[in-house]
Amino acid sequence: AEKNPEKTAIIWLSEDNKERKITYAELKDEVARFAMGLRENGVKKGDVVAIYMSNIPEAFIAVYACYRIGAIYNIIFSGFSANALLERMEDTKPKIVITEDQSVRRGKYINLKNTLDSVRSKVKSINRVIVVKRTGTPDIKMLDNDIYFDDFLKQASGLAEPLPIEANEPGFVIYTSGTTSKPKGIIHSGIGFMVGSYHYVKYSVNLKENDIYWCTADVGWLTFPIYELVGALAHNGTVIAYEGALDYPSIDHFYGIIEKYKVTKLFTAPTLLRMLARYGREKIKNYDLSSLKLISLVGEPLDVKTWHWVYKNIGNENIEINNTYGQTETGGAWTSSIVGITGARPGSCGLPLPGHSYVILDNRGNPVKAGTRGTLVLTQPFPMLARDVWNNHERYINNYFSVFNGYYCTYDEAMEDEYNHIWVLGRTDDVINVAGHRLSTMEMENSIMSIPEISDAAVIGIDDEIKGLIPAAFITLNNRTVDYNEIKNRIKNVINDSIGKFAIPGKIYIISEMPKTRSGKIMRRLLREILSKGDISGDITGLENPESIEKIKNELKNSN
Ligand code: PRX
């Protein structure tokens, strides 16, 4: 691509409607200056810098600065509690922590600096804390050696030159959201990750010079570094980065951004599309969304009903919807459409991208035929596959490479159709075995979602004395005035017709919202716990809507 330092790299939008445009030249300058500051504060290649920040430009600058000098960054999602933060820092032992006074989300101000201060004395490795003045609140205290981000930049003596590093050397650590066990610090390489990100953005987004591209993920989850920070800027793109929640103060905010900036390509999660469908067609009327040519997605199964709704109502039947599949461990989404070349089949995750090969295996490790389900494994390495688990090489080998002798095990259940498209059906641990029948939760959810009045569905297995396990379905409704008994009957009918009598949910719960992570995943584990124990255990600060838990508990009580 032609080099134009004055091109806008990032258009940052705050939740309270501020805008900051950063050109490639400005970005390079600040990154190199910040990198020099890190170096002058003793950060060397291989040292860890923790980044506990929300979606603000300083977080992006910190990430790039680490790359520039070969420091390993550990990105820690800003929604995490003091305990979750401590657990991660105890593992990575950062020399420097970068945070902000307060993060802003849904109109709420969260004192990140205070959260950090409540645990930092337990992490002896920390030499210095750098604080971004996001709101300028007087409610934080700068301790002895703490420094504001702007002062840190001013104190740096100049610009750091980039340090050449070998492509496989570690670039960063990101923890996979632990469901049952301790979170794993997934290590990705630095340069390998960049090569991979470039590759995935090329195929799954087809990013061009004139695109205005928006990845709605948060810097604390891997989707954002891959598809925006690293991948999109490697393509010389112009990207939008948004600080807040997409439907705050209302969904108009989201549509307004697309119209105002003439966004051409969007990368998001299926949950957003379901949310748009739930808000309905009425909301779209006042906006011109005709600039939008592509929506790529990752993170969860995309149900067929939502696919069609978006195609028609958002895309005016003139849009590509590209459902991709990947994991924190694989870095990018390695199954996808090649935009503009291989078409989509609504609900499938497309084909493996160049450079990837896989098989689907049965429990004994034999390949299954097309149309049969099994566990998805990758048979060859690629630049973006996780290099290790931080401080625990054994766990890396045992967890990922020992289940199927040397292959990388995804722990996802999948099926290939007659067009070689891959359908990811859910985690192998979310497969329910009912009276000898293996049921995939995704397949059941997909059927339930075909009912127009239903906006979200989650199926889990609950213990049953006779059958061992029976499916229980949780649903949310677009319109709460429908007749509950009628809806329940329709769910039973649709499961009966599409899968079979044995799969009819034993229990159906209508709730007002699903517990979801910021990255848009329904936390089925929490639903399972509420149902079996009446309460939940463990840290839920990764949730986008922690208040949903109390609501669901009450709704379940009242439904009995
Ligand atoms: O179960 C799969 C599901 O999400 C898991 C990976 O989550 P995470 O590590 O947070 O992903 C970060 C993405 C860079 C997978 O093991 N998943 C992801 N995409 C899809 C999916 N399930 C079905 N269809 C998808 N498109």
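In this predicted model, α12 (441–449) and β27 (454–464) each supply at least two residues of the lining of the largest cavity, and that cavity has a volume of about 110 Å³.

**The largest cavity**

- The lining of the largest cavity is made up of 13 residues, and those lying nearest its centre are Arg274, Pro301, Asp303, Glu445 and Ala457.
- With four residues, α12 gives the most to the lining of this cavity.
- Sorted by class, the residues around the largest cavity are six nonpolar, one polar and six charged.
- The count of cavities of 30 Å³ or more comes to three.

**The second largest pocket**

- The second largest pocket holds about 960 Å³ of space, and 25 residues line it, with Tyr24, Tyr64, Arg68, Leu233 and Ala234 lying nearest its centre.
- Four helices, namely α1 (24–40), α2 (57–69), α6 (191–205) and α7 (223–234), each supply at least two residues of this lining, and α1 gives the most, with five residues.
- By class, the lining of the second largest pocket divides into 17 nonpolar, four polar and four charged residues.

**The nonpolar cores**

- The largest nonpolar core has 87 residues, and the members that touch the most others are Ile10, Phe34, Leu38, Phe60, Ile98 and Tyr227.
- Helix α2 gives the most to this core, with 10 residues.
- Once its neighbours within four places in sequence are left aside, Phe60 is in contact with Ile10, Trp12, Asn55, Val219, Phe224, Leu229 and Ala241.

- Strand β11 (residues 185–189) is largely enclosed by the rest of the structure, because five of its five residues are buried.
- In a regular strand, side chains alternate between the two faces of the sheet.
- Both faces of β11 are covered, with buried Gly185, Ile187 and Ser189 on one side and buried Ile186 and His188 on the other.
- Strand β10 (residues 170–175) runs antiparallel to β11 and is joined to it by five bridges, and within this pairing Tyr175 stands opposite Gly185 of β11.
- Strand β22 (residues 388–389) is also antiparallel to β11, and two bridges join them; here Ile187 stands opposite Asp388 of β22.

**The sheet of β17, β18 and β19**

- These three strands form an open sheet in the order β17-β18-β19, and the pairing is antiparallel.
- Strands β17 (325–326) and β19 (351–352) stand at the edges with a single partner strand each, so one side of each has no neighbour in the sheet.
- Strand β18 (residues 333–336) is joined to β19 by two bridges, and the two strands run antiparallel; Thr335 has Pro352 in β19 as its bridge partner.

**Two serines in the loop between β4 and α3**

- Ser78 lies in the loop between β4 and α3, and because its relative accessible area is 6%, under the 20% limit, Ser78 counts as buried.
- Leaving aside neighbours within four places in sequence, Ser78 is in contact with Tyr52, Met53, Ser54, Leu112 and Arg518.
- Although Ser78 and Val219 are 141 residues apart along the chain, their C-alpha atoms are separated by 8.9 Å, and Val219 is also one of the residues in contact with Phe60.
- Ser81 is placed in the loop between β4 (72–77) and α3 (82–92), and because its relative accessible area is 17%, again under the 20% limit, Ser81 counts as buried.
- With neighbours within four places in sequence left aside, the contacts of Ser81 are Thr115, Asp539 and Thr541.

Technical notes. Residues numbered from 1 in each chain as written. Predicted model: local features only at pLDDT ≥ 70, side-chain atom pairs only at ≥ 80, totals over all residues. Heavy atoms only, no water. 1 Å grid on protein atoms, 1.4 Å probe; cavity = no way out; pocket = protein on both sides within 12 Å on 5 of 7 lines; lining within 4 Å. Points joined across faces, edges and corners; volume = space filled by probe spheres on them. Nonpolar A, V, L, I, M, F, W, Y, C, P; charged D, E, K, R; others polar. Core = buried A, V, L, I, M, F, W, Y, C linked by side-chain atoms within 4.5 Å. Buried < 20%, exposed > 50% of the residue type's maximum accessible area, 1.4 Å probe, protein only. Contact = heavy atoms within 4.5 Å. Pairing = 2+ DSSP bridges.
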